[in-house]
Amino acid sequence: MKKKIVVIGGSFGGLTAALEVKRLAGDSVEVTLLSADRDFVFLPSLPWVIMGSRRPADITLGVAGILRPRGISFVHESVTEVLPGELKVRTAAGEYPYDYLVIATGPHLACDEIPGLGPKKGFTHCTFTMEYAIKSREAWLRLLEEPGPVVIGSTQLASCFGPYYELAFEMDWELRKRRMRHKVPITYLTSEPYLGHMGIGGLGKSRRFLEDEFAELDIKVAANQAIEEITPGEIRLAGGGLPFKLAMLAPPFKGVRGVAGLGNPRGFIPADQHFRHPEHANIYTVGVAMALAPLEPTPVPTGVPKTGFMTVRMAKAAAANIAADLRNLPPSATRELSVTCMMDMGRTAALMVANPLLPPRQKSYVKKALWAKWAKIQFETYFLWKMRHGYSRLP
Amino acid sequence: MKKKIVVIGGSFGGLTAALEVKRLAGDSVEVTLLSADRDFVFLPSLPWVIMGSRRPADITLGVAGILRPRGISFVHESVTEVLPGELKVRTAAGEYPYDYLVIATGPHLACDEIPGLGPKKGFTHCTFTMEYAIKSREAWLRLLEEPGPVVIGSTQLASCFGPYYELAFEMDWELRKRRMRHKVPITYLTSEPYLGHMGIGGLGKSRRFLEDEFAELDIKVAANQAIEEITPGEIRLAGGGLPFKLAMLAPPFKGVRGVAGLGNPRGFIPADQHFRHPEHANIYTVGVAMALAPLEPTPVPTGVPKTGFMTVRMAKAAAANIAADLRNLPPSATRELSVTCMMDMGRTAALMVANPLLPPRQKSYVKKALWAKWAKIQFETYFLWKMRHGYSRLP
Amino acid sequence: MKKKIVVIGGSFGGLTAALEVKRLAGDSVEVTLLSADRDFVFLPSLPWVIMGSRRPADITLGVAGILRPRGISFVHESVTEVLPGELKVRTAAGEYPYDYLVIATGPHLACDEIPGLGPKKGFTHCTFTMEYAIKSREAWLRLLEEPGPVVIGSTQLASCFGPYYELAFEMDWELRKRRMRHKVPITYLTSEPYLGHMGIGGLGKSRRFLEDEFAELDIKVAANQAIEEITPGEIRLAGGGLPFKLAMLAPPFKGVRGVAGLGNPRGFIPADQHFRHPEHANIYTVGVAMALAPLEPTPVPTGVPKTGFMTVRMAKAAAANIAADLRNLPPSATRELSVTCMMDMGRTAALMVANPLLPPRQKSYVKKALWAKWAKIQFETYFLWKMRHGYSRLP
């Protein structure tokens with residue numbers, strides 16, 4: 001009888017895990033992917049949607065179209081509960097039994113943890129879903145009509161900083177091209193203890209690099225800040241209020257509700273070096289859903305970010321371990337987590353490398369380089385092509 | 001009947017305003033310029049007088065010789081009072097009725113606000129008049145004979161920082177050329193909250209730029225300081241005394257007494273965007289005499305600087321608005337204030353750009369460049385030639 | 001009758017003084033050198049012994065072999081006391097009368113001042129003697145087998161910082177070459193008030209230079225620290241404990257016991273600008289043994305370093321003054337102390353210049369330059385050749 005593999009999540013981690021386990025195990029498995037989203041969105045390009053250099057369709061693929069040719073079932077449903085005792089996953093539409101489960105659910109954006117936060121019930125925008133990016137784009141266009149202060153950055157317990165640095169640079173550059181930068185004070189507001197910390201204790205001279213760049217560009221910095229409340233037009237901090245016309249803020253991250261029961265108090269799911277749950281050896285977790293302790297606590301709490309590319313590598317390792325287990329081999333695939341990141345800076349770009357992810361490191365640096373911009377664009381094209389064709393083997 | 005235009009002040013602002021309004025309005029106006037000084041001095045070059053690379057005559061022009069060929073009267077008198085109700089200006093020698101008044105009186109150096117300050121009754125030198133520059137030169141030559149600590153910088157409420165940065169660099173370089181730098185500790189003492197603030201919240205990475213340069217040159221920094229008292233050989237600060245053999249300190253700025261009645265408590269005169277007094281629409285103010293609020297209060301109070309070139313542009317705008325008003329047109333000339341400054345650094349120089357003057361800005365940077373030194377010399381030559389021939393039309 | 005010259009110390013200062021006074025005064029003097037060490041070790045290369053790129057024999061010369069061909073007696077004995085009233089030096093083996101005495105004893109490493117410090121009775125290593133360097137090498141090799149945290153730096157009252165900066169860079173580089181840097185967190189722990197102070201108030205932009213380099217290399221910094229106690233695996237500071245697997249720490253410096261009676265409370269011996277004792281004009285002191293007040297007290301006490309090359313220059317000046325005194329001429333040789341230092345940085349190197357040694361200075365800078373590494377190697381070769389042949393005249 002075929003082993004049942006259930007994958008939850010249809011983004012970098014889920015798609016890669018489903019494709020890869022199918023590629024490795026072939027007909028011996030029946031793979032089902034459950035996702036609340038019908039589409040795969042190339043999230044790293046959402047800032048470009050906001051800035052207008054990408055249309056939503058440019059970076060969107062239907063999940064079903066990716067999976068069906070590879071013989072993987074796609075169920076467009078939210079998981080409401082995982083029942084590890086019964087080896088089942090529950091959705092509103094029914095239950096899915098599994099032999100192996102891969103959790104790749106990404107973050108739940110906990111906007112409700114800060115009054116006034118978020119595009120739904122609050123007054124701020126963010127860049128983590130296509131829907132929010134489109135709303136952000138509208139807000140940005142309004143700002144260009146009626147200029148005023150912009151605040152960009154991250155709240156306490158956010159664990160993704162890169163896109164907000166990118167947005168600060170991109171908005172600055174766009175405003176300069178339109179000769180209206182002097183009408184828009186920009187503040188980078190963050191829970192990071194200092195500029196360039198990025199949730200990973202900085203990398204190379206990222207602190208001085210970003211301090212210099214922001215000074216050069218007249219972008220003010222409010223670091224090490226916890227937000228108390230957001231009212232229309234004002235962000236309340238311990239030290240006073242920060243006015244805004246447009247605020248782009250990464251909200252606190254939590255684990256997704258349907259799988260949170262397997263995780264820590266914030267719903268992130270623990271995993272060993274082979275990405276297996278410590279109590280349920282047939283449950284694997286990859287990407288943002290996985291609990292990853294910061295190197296050291298920061299004064300204002302922050303989380304360790306995981307990039308799409310890191311998630312892909314985690315998903316491939318998890319898939320390899322499942323394939324090994326199917327053949328009664330011990331899990332062997334593990335990945336020292338590391339990050340290579342191309343940061344768009346509007347007029348130019350930077351390459352950031354941290355290997356391993358957290359210090360001390362064998363290798364880490366930040367380097368300004370225009371070619372990193374082209375590399376970023378190339379990677380977007382490549383990854384979308386790879387997904388469209390279901391090539392999980394490629395790097 | 002010809003309209004009477006009275007201009008008070010014979011430096012950058014006054015000369016430009018008088019020449020320009022005469023050029024624009026021709027025979028329809030009678031222009032009179034009142035100034036306490038018989039001569040126009042190219043003030044930006046006074047540091048070079050102190051260092052010995054300019055003789056006083058090199059940068060001095062008689063005001064009468066500039067104005068007479070253009071049909072403008074020159075009265076060598078101090079204004080003691082402005083009577084806006086009676087449309088008259090009073091001097092010790094008589095009264096001058098006006099239809100339009102341009103105030104371009106520059107600063108009053110309020111040395112009396114700090115005990116022991118200033119070259120007249122105190123123990124410190126400064127660079128704002130030819131007389132003081134000559135005294136400074138003598139003090140500098142004495143220092144070269146008997147080396148000892150030098151303190152250069154700005155007191156609280158000063159609003160001109162550039163020349164003191166220049167002097168610090170120039171003196172350092174001169175001492176190195178003479179191989180005696182090690183006998184002269186140099187301290188840059190300032191009311192600016194940090195190095196490179198310059199009364200305008202810094203520009204580009206001016207802070208790090210100057211911190212690095214001063215560290216490289218062993219120039220110590222005491223920023224964010226208010227001076228309590230100066231005794232012979234010691235500057236008393238809240239944190240203790242700073243010894244000196246030679247002190248060059250920009251004193252607090254106030255408005256000039258004769259026009260202070262029109263102004264704020266410190267005697268600076270308010271003006272709208274067309275440089276008109278809010279209560280007396282026929283009174284225009286340009287240059288240092290004009291009140292300009294700082295972006296945000298600094299811990300130790302400082303003022304916003306206005307360069308000679310900024311003052312020239314303000315004066316031309318004021319003149320254009322008077323000419324428009326004479327033809328019953330609304331005032332149209334306004335100028336977003338900005339600054340382009342070539343800073344001499346002794347061995348090299350820097351270009352500083354801030355546009356607009358205060359953040360946020362469309363454009364701002366500091367760049368080290370030897371050519372900025374030659375540009376500075378070119379500008380001196382050009383401006384003196386332009387003034388000698390009364391060409392106010394040229395930029 | 002021949003004048004008796006006694007020199008204590010067989011390193012840079014003692015050897016140079018003995019050779020030079022013999023060269024200048026020839027048969028009119030009888031020169032005797034007393035040293036506790038049979039060998040001259042080129043101390044600046046000890047970090048390379050630790051790192052394995054020098055064998056001990058490469059940088060060791062027998063003192064007797066240097067001195068005998070020049071007609072200088074060598075006594076392998078520790079001095080236990082100097083009796084300036086009786087013009088005698090006492091050792092365990094007997095007494096040595098002198099007409100002139102040169103003290104070049106270097107530092108006593110006061111490991112006992114901090115519990116747990118030092119390679120003998122404690123848990124830390126250092127680089128100041130060949131014996132300690134060899135022990136350090138063994139500890140380093142153990143660390144490569146069993147990686148763990150490394151702490152490198154200087155305790156309070158140390159007055160030699162350069163080699164520890166070098167070790168931090170060299171160990172970092174060696175670990176990267178072995179692709180294991182991520183297994184070894186490195187912390188630079190120092191009594192210097194800030195990075196790059198080096199006991200001389202910094203030089204040029206040494207602070208920012210080293211901050212940037214250490215940030216780039218993920219070397220953590222704990223500056224301005226006094227060590228309370230060291231236990232196996234932990235250094236106790238006021239703010240908490242710092243764990244280590246390998247600790248390389250410069251201990252507090254004191255004067256050597258046998259001559260300490262002539263000195264200040266820490267046993268360093270005062271000297272005038274001609275290197276003569278203020279109370280005993282026929283006693284000269286050179287090198288680390290000489291008291292040299294810091295520019296200003298640091299929050300945690302530090303000492304002013306003296307390099308081997310500085311010591312050589314001091315010894316030559318002292319010898320010239322003795323030779324002058326023998327001919328009844330006044331002492332003329334004095335040396336404005338300055339330093340030119342090539343700092344090995346593993347992958348590259350830096351040139352550091354401070355002239356004079358303490359600020360304000362005529363000249364000072366730090367410059368990264370690979371050629372400084374070759375210059376360092378050249379100097380080692382040259383100096384060993386020069387010593388081997390007893391050429392004290394050469395620079």
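This note comments on the cysteines, the chain contact and the salt bridges of a predicted model.

1. Disulfides. Over all chains, the search of the whole structure returns 0 disulfides. The count rests on a cut-off, since a disulfide requires two cysteine sulfur atoms within 2.5 Å. In chain A, the cysteine sulfur closest to that of A:Cys111 belongs to A:Cys126, and the separation of 5.7 Å is too far for a bond. In chain B, the sulfur of B:Cys126 has its closest cysteine sulfur in B:Cys111, at 5.7 Å, which is likewise too far for a bond.

2. Surroundings of these cysteines. A:Cys111 has a relative accessible area of 15% and is therefore classed as buried. B:Cys126 is also buried, with a relative accessible area of 1%.

3. Extent of the interface. Contact between the two chains involves 12 residues of chain B and 15 residues of chain A. Together the chains bury about 1,200 Å², of which 39% is on carbon and sulfur atoms. On the side of chain B, the residues that lose the most area to chain A are B:Arg208, B:Pro360 and B:Gln362, which together account for 54% of what that side buries.

4. Strand S22 of chain B (residues 363–368) supplies 3 residues, the largest share of the side of chain B that touches chain A. By residue type, that side of chain B comprises 4 nonpolar, 3 polar and 5 charged residues.

5. Salt bridges overall, and a network in chain A. Over all chains the model contains 81 salt bridges. Within chain A, a network of salt bridges links A:Glu81, A:Glu86, A:Lys88, A:Arg90 and A:Glu95. One pair in it is A:Arg90 with A:Glu95, whose closest N and O atoms are 2.9 Å apart. A:Arg90 is partly exposed at 29% relative accessibility, and A:Glu95 is partly exposed at 34%.

6. A salt bridge within a helix of chain B. The side chains of B:Glu211 and B:Arg207 form a salt bridge with an N to O distance of 3.0 Å. Why are B:Glu211 and B:Arg207 separated by about one helical turn? The two residues stand 4 residues apart in helix H6 of chain B (residues 206–216), and so about one helical turn lies between them. B:Glu211 is partly exposed, at 27% relative accessibility. B:Arg207 is partly exposed as well, with a relative accessible area of 41%.

7. A further pair in chain B. B:Glu229 and B:Arg236 are joined through their side chains by a salt bridge, at 3.5 Å from N to O. B:Glu229 has a relative accessible area of 30% and counts as partly exposed. B:Arg236, with 34%, is also partly exposed.

Conventions. Residues are numbered from 1 along each chain as its sequence is written. Chains are lettered from A and ligands numbered from 1 in the order in which they are written. This is a predicted model: local features need pLDDT of at least 70, side-chain atom pairs count only at pLDDT 80 or more; totals for chains, interfaces and linings use all residues. Side-chain values use heavy atoms; hydrogens and water are left out. Buried means under 20% relative accessible area, exposed over 50%, partly exposed in between (1.4 Å probe, protein chains only). Contact means heavy atoms within 4.5 Å. Buried area is the accessible area (1.4 Å probe) that two parts lose on being put together, summed over both. Ala, Val, Leu, Ile, Met, Phe, Trp, Tyr, Cys and Pro count as nonpolar, Asp, Glu, Lys and Arg as charged, and the others, Gly among them, as polar. A salt bridge is a side-chain nitrogen of Lys or Arg within 4 Å of a carboxyl oxygen of Asp or Glu.
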